[in-house]
Amino acid sequence: MEFFIDTADVAEIKAAHELGILDGVTTNPSLIAKTGKPFKAVVKEICAIVDGPVSAEVVATEKDAILKEGRELAKLAKNVVVKVPLIAEGLKAVKVFSAEGIKTNVTLCFSTNQALLAAKAGATYISPFVGRLDDISQDGMELIDEIKTVYDNYDFATKILVASIRHPIHLKQAALIGAHVATIPFSVFGQLVKHPLTDSGLEKFLADAKKFNWD
Ligand code: E4P
């Protein structure tokens, strides 16, 4: 499973990168807005830190305008993935990007049929938002399970990128289903490594280690 970080905060990206297990980055307009910096400058800064895929989202909603923005973003760095909203105009643009060899991440996916359309359009990644579905009392992880079945049924190459992850259980469930990628908020990265029995066990081992010499 690939691990992406879901942030535009360069300090967070550097810290996650130092862990040595970071495969890529996803951003969205809300995350970019939080940085207070110009969009393209942030994307270039992130791409200089991480070699893997960096998703940068278009803000246009009409095919030709999406294509213009996406092509501009794709020129910023070789690892830019153009993030496109799951609307009809977005799918038309994804089809063109796919033919041009520009990688895409189709975002704001909330149904299995939407994911099926994105795969047929040639999306590189599909981003189903599990947390936002849970927020409205629908089962976000059930969507991941269904998309996995459908993509396997037809051997689609589109990768399932589990998004809107809120806690470690989301990650574990996504991994059990066999999702290809999870985009994880920085706070959840911190939670993943922690276990109270690890901390108390280490404390005891270190205390006992004082009772003997190394050599
Ligand atoms: C995905 O690429 C989105 O940036 C993100 O996962 C959305 O998460 P949120 O629902 O916590 O905003």
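Guide: Start with a loop. This is a predicted model, and I165 lies in the loop between β7 and α9 (168–177).

Visitor: Is I165 buried or exposed?

Guide: Count the C-beta neighbours. The cut-off for buried is 20 or more within 10 Å. I165 has 22 inside 10 Å, so I165 counts as buried.

Visitor: Which residues does I165 touch, leaving out those up to four places away in sequence?

Guide: Among them are V130, G131, H170, L171, A182 and T183. I184, P185 and V188 are also touched. Now look at R132. R132 and I165 are 33 residues apart along the chain, and their C-alpha atoms are separated by 8.8 Å.

Visitor: How do I read strands?

Guide: Strands of a sheet pair through backbone hydrogen bonds, either parallel or antiparallel. Take β7 (residues 159–162) and β8 (residues 181–184): they run parallel, joined by 2 bridges. V162 has A182 in β8 as its bridge partner.

Visitor: What do the 8 strands close into?

Guide: A barrel, with parallel pairing, in the order β1-β2-β3-β4-β5-β6-β7-β8. From one strand to the next, the twist averages 30°.

Visitor: Which strands does helix α3 lie across?

Guide: Helix α3 (residues 39–49) lies across β2 (24–26), β3 (54–57) and β4 (80–85). Its angle to β3 is about 170°. Helix α4 (residues 63–74) lies across β3 and β4, at about 160° to β4.

Visitor: What surrounds the ligand?

Guide: The surrounding residues include D6, T26, N28, G131, R132, S164 and T183. By class, the shell has 7 polar, 2 charged and 2 nonpolar residues.

How values were computed
Residues numbered from 1 in each chain as written. Predicted model: local features only at pLDDT ≥ 70, side-chain atom pairs only at ≥ 80, totals over all residues. Near = placed C-beta within 6 Å. Nonpolar A, V, L, I, M, F, W, Y, C, P; charged D, E, K, R; others polar. Pairing = 2+ DSSP bridges. Helix = DSSP H or I, 4+ residues; strand = E, 2+ residues; numbered from the N terminus. Axes fitted to C-alpha atoms, helices over the stretch in contact; angles between N-to-C directions. Contact = placed C-beta atoms within 7 Å. Buried ≥ 20, exposed ≤ 12 C-beta atoms within 10 Å, placed from the backbone.
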